[in-house]
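Colleague: I am new to reading models. Please take me through this one, term by term.

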Amino acid sequence: MTNPLTLHPPSKLLDNLCTCIEKDIHPLSAAAVAGGSKLFGAAILLKSDLSVVYADTNQERGSPLWHGETWTLKQFFEIPADQRPDVKECLFLTTHEPCSLCLSAILWSGFDNFVYMYTYEETHYVFECHGDLDIFNDVFNIRQGEVAGQASLDGSAPQVRPQYKLRSKRLVALSFAELLAAIEDKEEQARYVEKVEEVKKSYGRLAEAYRRNMNME
Ligand SMILES: [Zn+2]
């Protein structure tokens, strides 16, 4: 597995990933939301130079299984094998921390990483999409807010147990918040916090459009 932070500085990762969400994913999500699908998008980028190989968005209007990530994976694998990069050379970007279905789909596809912008908690409480945490809590026997049995080594309070292993030999999962935390220069960090907030606000507005569409039906 590859931690994207070992490949590029956090600011470069954030520059490229934010641009990808703004320029590649957002317009596709806006069009799909207008057609009755939810927001939620994903993209596949080359680890080497962070260029975008493929980006797409949720197509739940067509099938409940076509989340942003699963649809993007399906479309990526429609590219002839000799014309697409090996997944081991790729980084997987998703606007929202992937649900259990998409988390598995990313791994079954051979990716060893993903980076996400919004957390499960934001999806649940801000976007009011409850499936992700509800399925983890109701099916996988991991209660939201459940704490691990052991206190951490430094004696501080026990950590809330995440819904899946964020680091393992199979996978490195990174949030935008972790990329921001990895920027050492405080002024630079503050600039990037603002930048990410802008991207989140702008993409998040699509949720209002989605709710408007749904209420009109
Ligand atoms: Zn999903």
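Colleague: Which residues does Ile 183 touch, not counting residues up to four places away in sequence?

Modeller: Ile 183 touches Pro 10, Ser 11, Leu 14, Glu 188, Gln 189 and Tyr 192, with that exclusion. Contact means heavy atoms within 4.5 Å. Ile 183 and Ser 11 are 172 residues apart in sequence, yet 6.8 Å apart in space, C-alpha to C-alpha.

Colleague: What should I know about the source?

Modeller: This is a predicted model, where local features need pLDDT of at least 70, side-chain atom pairs count only at pLDDT 80 or more, and totals for chains, interfaces and linings use all residues. Numbering runs from 1 along each chain as its sequence is written, and side-chain values use heavy atoms, leaving out hydrogens and water.

Colleague: Why is Ile 183 called buried?

Modeller: Buried means under 20% relative accessible area, exposed over 50%, partly exposed in between (1.4 Å probe, protein chains only). Ile 183 has 2% relative accessibility, so Ile 183 counts as buried.

Colleague: How do you know that Cys 102 is buried?

Modeller: Its relative accessible area is 0%, so Cys 102 is buried.

Colleague: What makes His 67, Cys 99 and Cys 102 donor residues of the zinc ion?

Modeller: Donors are N, O and S atoms within 2.8 Å of the metal (3.2 Å for Na, K and Ca); water is not among the atoms, so sites may look incomplete. Here ND1 of His 67 and SG of Cys 99 and Cys 102 coordinate the zinc ion at 2.1 to 2.3 Å. Their sequence spacing is H-x31-C-x2-C.
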